[in-house]
Amino acid sequence: MSTTAKKTAAASKAKAPKVAAQASEQKEQAAIEQPASTEIPSTATSYAASPAELAEREKAAADKVAADKAAAEKAAKPENKLKAKGEGILKNHPAETEVYMTADGYGFFKYSDAKNHAASIGDETVLTVNKKG
């Protein structure tokens, strides 16, 4: 190994601890600079004039989230989807007063047709949807 190569190798070895120390310091600094939570602040906290107003806004925001969650859960139930689809069918067929919905989303104006179809798909559930009003 030549003298120049030895000097370069020695210099590399000397720099390695410094580089590792700098990387460690950068990680620590980044951890200090980052907020404790990555959660997006609520819009309810924007421009609140007083603590009471802030509390009121936060409560309203929480109530809205709870109401949205309840509505999503209600809409996710299969009976509600079938009922909504049945109501849509009745809107398109004003002469009919009720529709019988099968689990796979098909609507029939005769109960016997719905029952036969339900038996053929293996789910004998038939939901009756009546016209509103």
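Is Arg 57 buried, partly exposed or exposed? Arg 57 is partly exposed, because its relative accessible area is 29%, which falls between the cut-offs of 20% and 50%. The model described here is predicted. The protein has four helices and three strands, and from the N terminus on these elements run α-α-α-β-β-α-β.

**Overall figures**

- Of the 133 residues in the protein, 11% are buried.
- The accessible surface comes to about 10,500 Å², and carbon and sulfur atoms account for 57% of that surface.
- Among contacts between residues at least 6 apart in sequence, 33% join residues at least 24 apart.

**Nonpolar cores**

- The largest nonpolar core has six residues: Leu 82, Ile 89, Leu 90, Val 99, Met 101 and Val 129.
- Two elements, helix H3 (78-92) and strand E1 (98-102), each give two or more residues to this core.
- Helix H3 gives the most, with three residues.
- Leaving aside residues up to four places away in sequence, Ile 89 touches Val 99, Met 101, Gly 107 and Phe 109.
- Another core, of five residues, lies apart from the largest one and includes Tyr 100, Ala 114, Ala 118 and Val 126.
- In soluble globular proteins, nonpolar side chains tend to be buried together.

**Aromatic pair**

- One aromatic pair is found in the whole structure.
- The pair is formed by Tyr 100 and Tyr 111, and it is edge-to-face because the ring planes stand at 75 degrees, with the ring centres 5.4 Å apart.
- Tyr 100 belongs to strand E1 and Tyr 111 to helix H4 (residues 111-121), so the pair ties together parts that are eleven residues apart in sequence.
- Tyr 100 is buried, with a relative accessible area of 11%, whereas Tyr 111 is partly exposed at 41%.

**Salt bridges**

- The count of salt bridges comes to four.
- Arg 57 forms one of them with Glu 53, with the closest N and O atoms 2.7 Å apart.
- Both Arg 57 and Glu 53 lie in helix H2 (residues 51-76), four residues apart, or about one turn of the helix.
- Glu 53 is partly exposed, at 26% relative accessibility.
- Asp 63 forms a salt bridge with Lys 59, where the closest N and O atoms are 3.1 Å apart.
- Asp 63 and Lys 59 also both lie in helix H2, four residues apart.
- Asp 63 is partly exposed, with a relative accessible area of 42%, while Lys 59 is exposed at 52%.
- Glu 87 forms a salt bridge with Lys 132, and the closest N and O atoms are 3.7 Å apart.
- Glu 87 lies in helix H3 and Lys 132 in the segment after strand E3 (126-130), so this pair ties together parts that are 45 residues apart in sequence.
- Lys 132 counts as exposed, at 66% relative accessibility.

Technical notes: Residues are numbered from 1 along each chain as its sequence is written. This is a predicted model: local features need pLDDT of at least 70, side-chain atom pairs count only at pLDDT 80 or more; totals for chains, interfaces and linings use all residues. Side-chain values use heavy atoms; hydrogens and water are left out. A nonpolar core is a set of buried Ala, Val, Leu, Ile, Met, Phe, Trp, Tyr and Cys residues joined through side-chain atoms within 4.5 Å. Buried means under 20% relative accessible area, exposed over 50%, partly exposed in between (1.4 Å probe, protein chains only). Contact means heavy atoms within 4.5 Å. Accessible areas come from the Shrake-Rupley method with a 1.4 Å probe; for residues, only the protein chains shown count as cover. Rings of Phe, Tyr and Trp (its six-membered ring) pair if their centres lie within 6.5 Å; planes under 30 degrees apart count as stacked, over 60 as edge-to-face and the rest as tilted. A salt bridge is a side-chain nitrogen of Lys or Arg within 4 Å of a carboxyl oxygen of Asp or Glu.
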